[in-house]
Amino acid sequence: MILEHALLTVKPGQASAFEDAMSKAAPLIAASPGFLGLEVRPSIEAPGTYLLLVRWESLTDHDPGFRSSDRYQHWKALLHDFYDPFPTVTHFSEPLLL
């Protein structure tokens, strides 16, 4: 299992619209082969900042898998205009400690 991580910084005044769009986008990623789970957590200290965590069976399930799909194009259309700056996505392997 791998963990995808991104800090999403949403443009000021758009948090509510972003949260609505994320609710619409979630089924798109959930329908992807290798998808294991999704968390989107709002920051306590930094309003408008969200932690995105996606669990995948493998890195290739995310990229090129999801990212080369039609579902990703819809995900992108729903969400990518909210970000400033555009987030950096990183991937993590199995935990060393639990």
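The points below cover the basis of the model, the annotated domain, the salt bridges and one serine.

1. A word on conventions: this is a predicted model, where local features need pLDDT of at least 70 and side-chain atom pairs count only at pLDDT 80 or more, while totals for chains, interfaces and linings use all residues. Residues are numbered from 1 along each chain as its sequence is written, and side-chain values use heavy atoms, leaving out hydrogens and water.

2. An unreviewed UniProt entry annotates residues 2-92 as "domain: ABM"; such annotations may be inferred rather than shown by experiment. Over residues 2-92 the chain is 36% helix and 30% strand, with the end C-alpha atoms 6 Å apart. Helices (H or I, at least four residues) and strands (E, at least two) are DSSP runs, numbered from the N terminus.

3. The whole structure holds 3 salt bridges (a side-chain nitrogen of Lys or Arg within 4 Å of a carboxyl oxygen of Asp or Glu). E39 pairs with R41 at 2.6 Å, N to O, and with R55 at 3.5 Å. Because E39 lies in strand β2 (residues 35-42) and R55 in strand β3 (residues 49-56), their pair ties together parts 16 residues apart in sequence.

4. R67 and D63 form a salt bridge too, with their closest N and O atoms 4.0 Å apart. Shared partners join E39, R41 and R55 into one network.

5. S69 sits in the loop between α2 (59-65) and α3 (70-79). Is S69 buried or exposed? S69 counts as buried, at 11% relative accessibility (buried is under 20%, exposed over 50%, partly exposed in between, with a 1.4 Å probe and protein chains only). Its side chain reaches the backbone nitrogen of Y72 at 3.1 Å, and a polar atom of the S69 side chain lies 3.4 Å from the backbone nitrogen of R71.

Definitions and conventions
A polar contact is a pair of N or O atoms within 3.5 Å; within protein, one must be able to donate a hydrogen and the other to accept it, and residues adjacent in sequence count only if both atoms are side-chain atoms.
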